[in-house]
Structures are given as C-alpha cells and as structure tokens.
Amino acid sequence: MSQKVNTAKGTRDYLPVEVRKREYIFKAISEAFQRYGYESIETPSFELSGTLLGKYGEEGDRLIFRILNSGEKLNKADLEALQNGQLGKFANSLSEKALRYDLTVPFARFVAQHQNELTFPFKRYQIQPVWRADRPQHGRYQEFYQCDGDVVGSDSLRNEVELLQIIQQVLQGLKLPGFTIKLNNRKVLAGIAQVCGVEQELSALLVTLDKFDKIEKQGVKDELTLKGFSSQVLDKIEPLFQLQGDFEERVLQMRVFLSGNELGLKGLEELSYVHSKLKDFLPEREIIEFDVTLARGLNYYTGIIIEVKAHSVQMGSICAGGRYDDLTALFGLKGLSGVGISFGADRIYDVLNTLNLFPESLNMGPEILFLHFSEKHVDQCDIWAKYLRERRKKVEVYPSAVKLQKQLKYANDRGIKWVVFYGDEEAAKQQLILKDMITGDQRTYNADSWLTDWLG
RNA sequence: GAGGUUGUAGCUCAGUAGGUUAGAGCGUCGGAUUGUGGUUCCGAAGGUCGCGGGUUCGAAACCCGUCUCCCUCCCCA
C-alpha cells in the first residue's frame with residue numbers, strides 16, 4: 001500500500017467475521033419483531049431537510065449531516081446571509097437534503113404520506129443505518145445501525161408491554177447475561193415541573209435531572225442553581241433523589257410527591273399498569289426499574305420513556321424508546337399516537353464482543369473443501385459438491401492445483417472442518433480420504449458410497 | 001460546536017540534548033517438506049515516519065496548520 005487510506009471519521013469497515021456477527025444480531029432482532037407481527041419497511045438514506053430539521057431540539061439540528069447541493073443549484077447560495085453571520089440560513093441555501101438522523105422521524109413522514117395505504121394499528125420494524133455528525137467516542141459512531149420497532153395508531157399501553165417483551169426476548173436470545181430496563185414517563189416529569197412551578201423551564205430541568213446517575217445529587221443541584229433554579233425548587237425535588245425499594249414502592253412514593261397533580265398521577269398509573277402486565281410475562285422482572293431521573297429521549301416523547309443498559313460493561317444505552325402522541329401531526333396527520341423502541345446494533349455488537357458472547361459457530365466457514373489435485377479429478381469433485389450443495393451444505397472446491405500445503409492452510413484459515421483428498425492415488429482405488437481439520441483424523445471411504453456414509 | 005490527547009511496516013509498539021542506511025515482535029510470502037494444515041527451523045518482502053508548511057547545515061523528533069484516533073463537555077444508539 002503506497003498511499004495511506006482510511007474510512008471517514010466515525011465510520012468503519014466490516015470484515016467477513018464481523019458481518020457474520022452483525023447478521024446474527026440483526027437476525028435475532030428481526031425474528032423477534034416478526035413473531036409479534038411487525039412488518040419490515042425501508043425509507044431513503046436521505047430526506048428533504050425540512051423533514052428532519054427542527055425535530056430533534058436545538059442541538060439536534062447541529063448533528064444532522066447536510067447534503068451539499070450540486071451543480072447549478074450552488075448558485076442559490078445566500079452570500080448575504082454568510083456576510084451577516086447567519087450560518088444557519090447560509091447552510092440552508094446550500095443544502096436541501098440531509099442524511100437521516102434516526103428512523104423515527106422518517107417513519108412519521110412515511111406514515112403521514114402513506115396513511116391511506118396502511119392498516120392501523122400499524123406495526124413496523126426497520127433496520128437501517130443512520131448518521132450523526134457527533135464527535136466519535138467509545139461506542140459512538142457517525143454511521144451506525146438502528147433497529148426500530150414502532151406501533152402507530154393505537155394508544156393502548158399493551159403496545160408498551162409488547163415492546164418491552166420484545167426487548168427482553170431479543171437480549172435474552174443474544175445471551176446477554178444481565179441488563180436493566182429503566183422506565184419513566186414524560187407525564188411524571190411534566191407533573192414534577194408543575195408541582196415545582198417551573199413548567200416553563202421543563203426541558204432545562206429534565207436535561208439536568210437526567211444526569212443524576214452520572215453527577216449525583218449534588219451535581220444536579222449545582223447545575224440547576226447555575227441555571228437559575230431557586231432553592232425552593234431544589235428543596236422541593238429533594239425526595240426524587242431519595243426513592244427506595246422496588247418498582248411499585250417507588251411508584252407509591254411518587255404518588256405522594258405528585259399528589260393532586262392529575263397529569264403526573266396519570267403517568268404513574270401508566271407505569272404501574274405496564275409493570276403489572278410485565279409481571280405476567282417476564283420471568284426476571286427485577287431488571288425493570290422505575291427511574292424518575294430518566295429524562296433522556298427526544299423531545300417528541302409524551303408518555304413512557306424506555307432505556308436499556310447492559311450490565312458488566314461500560315457502554316451507553318443499547319436500546320431506547322418511548323411514546324410520542326403527536327409526531328405525525330408535524331406531517332399533517334393528527335390524532336395518531338405511536339410508541340417505539342430502537343436497538344443500537346453497533347453497541348450491542350460491542351457489548352457482545354467485549355463479553356465474548358458470540359457463538360463459536362460464527363467462526364466457522366464452509367463445512368467442506370475439496371482439495372484440487374488436477375483438472376482430471378476436480379470434475380468429479382464438482383459433481384459431489386453439487387450434490388452436497390443441493391442438500392444445503394456449504395461446500396468449496398479449491399480453484400487451482402497449487403501445492404497441498406497451501407490448500408490445507410487455506411482450509412485451516414477459513415475454519416473449514418472437512419477436506420476431501422481425491423487425487424491419482426484415491427481415484428485408482430475408487431476411494432477418497434476425508435480429513436477432519438480440527439482433530440487431524442482422516443479416514444478412507446469408498447468413492448461410490450461415501451456421501452451416504454458421511455451424511456449419515 | 002468547545003477543550004484535551006494520539007498518529008512510525010498489514011497489526012502491536014521501540015526509536016529525542018535534532019546527526020550516516022528508521023528497528024523488534026506478530027502477521028504475510030518463499031524454502032526445509034514437488035500428496036498433508038494448525039508446531040518448529042531458515043530466508044525474504046514490506047515504511048512519502050498521518051498530510052501540508054515552517055525553523056535548521058541537517059527533522060520521525062522542534063513550531064504552526066490540517067486530518068485521524070481516543071477522552072471530557074454537549075447530545076445520544
């Protein structure tokens with residue numbers, strides 16, 4: 001290699017062994033969704049800027065990759081805006097398309113656009129890459145795959161329950177030893193703000209509250225003080241840091257905190273309902289946790305908020321989601337409530353890799369390789385190979401008659417278990433040798449009957 | 001978007017008071033073994049020292065810029 005080459009920042013290549021592992025994850029997720037009747041859809045990699053901009057909060061727009069206009073359209077560049085330092089306006093004049101930032105907003109657009117072609121409640125899953133102009137860090141990429149499942153057109157909490165079951169099944173299916181599903185509810189958070197009389201500063205309060213697990217109580221208080229919250233408010237929220245016990249016990253404590261606040265109590269009721277239903281389904285409900293400080297979630301969430309973290313590995317959340325009552329309204333379709341979750345496939349990959357949880361079988365290549373002695377004998381090998389492939393075996397015939405040492409090394413490197421020796425010596429005796437590359441054992445078979453003998 | 005850090009062979013890394021021809025291990029390739037791999041032994045190939053500029057008689061090393069890596073914010077899968 002004479003020139004230094006690299007993938008772009010925050011992106012990476014996937015070698016065959018990595019693709020096998022990724023497909024293992026995708027398969028676990030898509031099969032789980034399918035078992036619950038979700039249909040797969042796809043949307044374009046990029047959308048009109050207007051579809052995406054403004055949907056993810058003020059910070060969100062900054063992280064959206066913009067696609068530069070090409071050709072004559074560049075003449076539309078608003079140089080005046082540039083002169084005046086209006087960078088946002090200038091950027092908009094240069095770009096009218098953007099790479100999707102997540103799968104939820106494009107899905108909302110999709111539902112609004114195809115409302116007459118869909119049957120509601122509509123359940124879909126979608127596995128595609130998304131792009132964020134974020135600064136790469138451990139477990140954070142600029143291109144990564146999300147695996148979303150959403151239900152729109154039903155406000156039943158049974159959908160939440162179903163999605164949580166799916167999460168549990170996927171993660172259990174992937175043999176993840178431990179994980180915590182944290183739940184909260186936007187209504188509870190709104191209730192907290194109302195009780196404290198800071199409804200106007202709701203999002204400022206939530207952003208800080210959400211950092212509780214990281215910066216702890218004092219850190220939260222310091223930051224809130226810095227943001228101008230009064231000491232009365234700080235005193236008022238004190239009980240939020242003192243919650244103890246299991247899910248229901250915490251709900252009870254919050255009932256006291258939110259007593260008289262209709263919205264907040266409604267949120268608690270929802271949480272309680274979801275938790276009680278899960279009890280019937282999930283064998284290990286202790287992994288379900290009520291976390292009042294969980295505020296994370298995009299600003300379109302209105303109900304339940306979900307976040308999942310893996311145990312015994314330091315990594316951000318591997319799955320997140322929530323209910324959004326009005327997302328499609330932004331695209332002209334009102335009165336349609338949705339709830340969804342999003343698995344972070346790349347993070348799940350990193351977790352499974354770190355904990356060495358991928359099955360050993362993923363390292364295996366084709367099952368059997370026919371060594372190539374000469375064109376004369378390889379024709380017979382092709383016939384056998386065809387027979388085996390028709391029986392769903394992964395089979396290779398080495399392409400040329402290079403020295404055996406090289407062919408065996410090839411088999412070894414590829415993780416091929418069986419190799420077949422069929423050269424002059426074997427052909428003369430109407431035999432072949434089958435060698436087990438793992439144990440090193442080899443056995444002679446009759447060339448006419450080995451297939452049935454070996455296949456059993 | 002703000003701050004910090006890193007970059008030498010395919011990989012992991014040595015290499016500074018600036019000084020001939022930039023090294024090792026692993027991997028790769030060839031041979032020992034022209035019909036037996038994963039072990040061993042011998043040998044070989046492989047580097048614009050991230051990129052661009054500057055300081056200097058002389059830069060992998062010092063300075064500036066840029067890109068990348070990793071980290072802290074921000075935000076999030």
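Strand β7 and strand β8 (residues 288-290) pair in the parallel sense over three bridges, where pairing requires at least two DSSP bridges between two strands. K182 has E289 as its bridge partner in β8. This is a predicted model, in which local features need pLDDT of at least 70 and side-chain atom pairs count only at pLDDT 80 or more, while totals for chains, interfaces and linings use all residues. Residues are numbered from 1 along each chain as its sequence is written, and side-chain values use heavy atoms, leaving out hydrogens and water.

An antiparallel partner is also found for β7: seven bridges join β7 to strand β9 (residues 304-310), with T180 opposite K309. Strands here are DSSP runs (E, at least two residues), and helices are runs of H or I of at least four. In β7 (residues 179-185), seven of seven residues are buried, that is, under 20% relative accessible area with a 1.4 Å probe, protein chains only. In a regular strand, side chains alternate between the two faces of the sheet. In β7, F179, I181, L183 and N185 point one way and T180, K182 and N184 the other.

Turning to the RNA, 46 residues surround RNA strand B, the closest being R132, H138, K211, E426 and M437; a residue is near if one of its heavy atoms lies within 4 Å. Sugar and phosphate make up 45% of the RNA strand B atoms that come within 4 Å of the protein. Helix α16 (404-414) is one of the elements that supply at least two residues of this surface, and α16 gives the largest share, six residues. A side-chain N or O atom of Q137 lies 2.7 Å from a phosphate oxygen of RNA strand B, whereas one of R62 lies 3.2 Å from a base oxygen.

Definitions and conventions. Chains lettered and ligands numbered in written order. Polar contact = N/O pair within 3.5 Å; in protein donor to acceptor, adjacent residues only side chain to side chain. Buried < 20%, exposed > 50% of the residue type's maximum accessible area, 1.4 Å probe, protein only.
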